[in-house]
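Reader: I've got a protein open on my screen and I'd like to talk through how it's put together. Can you take my questions one at a time?

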Amino acid sequence: MDTFSKIILLVQDIFFCLQYNKIRFAVQEMRNDMKKVTKEMTKQLASALEYEEFYQSNKHNFNDMTLSEYLLALMEEKSLTTAQVVKNIGMGDYVYKLVSGRKDHPSRDILIRLAFGMDMNQEEIAKLMRITHFHELDPRDKRDAAILFALQKSFDLDRTNEMLYNLQLKTLDK
């Protein structure tokens, strides 16, 4: 590797480290809010006389959307078509199956690719991961932190994969 390439990688690493703390703080704030809701729900569950009473007062906090429903709702909110998402992430038929509900167990990396293709924010990605029972992107994990950084900086999928590759981290393959 020549000196110029080494300098570029060093600058990327420095920039990445500076942004890492900012991302970490934002994710921690979101987790704190979720912990408050979870603690409050736990207290209400313990004190409820009937489950139905608890459910009715907390049903807005349950994760009861399907992946397909969530993707369709986000696409409508963001004025995106399935064709646009497909174009953004390059996964034709598979995306159509996810959106239509004919496929419902994608890998975590596929979900992250969808997040890029739909320009999701951290809260939307966190909900996507909860709906599909995957752990959220964690800024304490080097790869996840790099992905969060790329999402916050509005990198496209190709630029993100290039960054991951340069950091010697697993890329977001199909």
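Predicted model: local features only at pLDDT ≥ 70, side-chain atom pairs only at ≥ 80, totals over all residues.

Reader: What percentage of the residues count as buried?

Author: Buried means under 20% relative accessible area, exposed means over 50%, and partly exposed is in between, with a 1.4 Å probe and protein chains only. The protein exposes about 10900 Å², and carbon and sulfur atoms supply 54% of that; the areas come from the Shrake-Rupley method with a 1.4 Å probe, and for residues only the protein chains shown count as cover. Of the 174 residues, the buried share is 40%.

Reader: Which helices do the buried residues of H6 pack against?

Author: 10 of the 10 residues of H6 are buried, so H6 is largely enclosed by the rest of the structure. Those buried residues include Ile110, Leu111, Arg113 and Leu114. They pack against H3, helix H4 (82-89), H5, H7, H8 and H9.

Reader: How do H6 and H8 run relative to each other, roughly parallel or roughly perpendicular?

Author: Two packed helices are described by the angle between their axes and the distance between the axes. The axes of H6 (residues 108-117) and H8 (residues 142-152) come within 11 Å and cross at roughly 15 degrees; axes are lines fitted to C-alpha atoms, for helices over the stretch in contact, with angles from 0 to 180 degrees between N-to-C directions. Angles under 35 degrees count as roughly parallel, over 145 as roughly antiparallel, 65 to 115 as roughly perpendicular and the rest as oblique. That makes H6 and H8 roughly parallel.

Reader: How many charged residues does the contact of H6 with H8 have?

Author: Contact means heavy atoms within 4.5 Å, and H6 brings Arg108, Asp109, Ile112, Ala115 and Phe116, while H8 brings Arg143, Asp144, Ile147, Ala150 and Leu151. Ala, Val, Leu, Ile, Met, Phe, Trp, Tyr, Cys and Pro count as nonpolar, Asp, Glu, Lys and Arg as charged, and the others, Gly among them, as polar. By class, the contact has six nonpolar residues, no polar ones, and, for charged, four.

Reader: At what angle do the axes of H3 and H5 cross?

Author: H3 and H5 (residues 92-100) have axes that come within 6 Å, and they cross at roughly 100 degrees. That makes H3 roughly perpendicular to H5. The contact uses Leu67, Ser68, Leu71, Leu72 and Met75 of H3, with Leu98, Val99 and Ser100 of H5. By class it has six nonpolar, two polar and no charged residues, and the crossing angle is roughly 100 degrees.

Reader: What is the phi of aspartate 119?

Author: Most residues other than glycine have a negative phi, and most peptide bonds are trans. Aspartate 119 is in the loop between H6 and helix H7 (122-131), and it is exposed, with a relative accessible area of 53%. Its phi is positive, near 55 degrees.

Reader: And where is glutamine 168 placed?

Author: Glutamine 168 has a positive phi too, near 60 degrees. At 75% relative accessibility, glutamine 168 counts as exposed. Its place is in the segment after helix H9 (157-166).

Reader: Is threonine 160 buried or exposed?

Author: Threonine 160 lies in helix H9. Leaving aside neighbours within four places in sequence, threonine 160 is in contact with Phe116, Ala150, Phe155 and Leu172. At 0% relative accessibility, threonine 160 counts as buried.

Reader: How far apart in space are valine 85 and arginine 113?

Author: Valine 85 sits in helix H4 and is buried, with a relative accessible area of 1%. Not counting residues up to four places away in sequence, valine 85 touches Met75, Leu80, Val95, Leu114, Gly117 and Met118. Valine 85 and arginine 113 are 28 residues apart in sequence, and C-alpha to C-alpha the gap is 9.7 Å.

Technical notes:
Residues numbered from 1 in each chain as written. Heavy atoms only, no water. Helix = DSSP H or I, 4+ residues; strand = E, 2+ residues; numbered from the N terminus.
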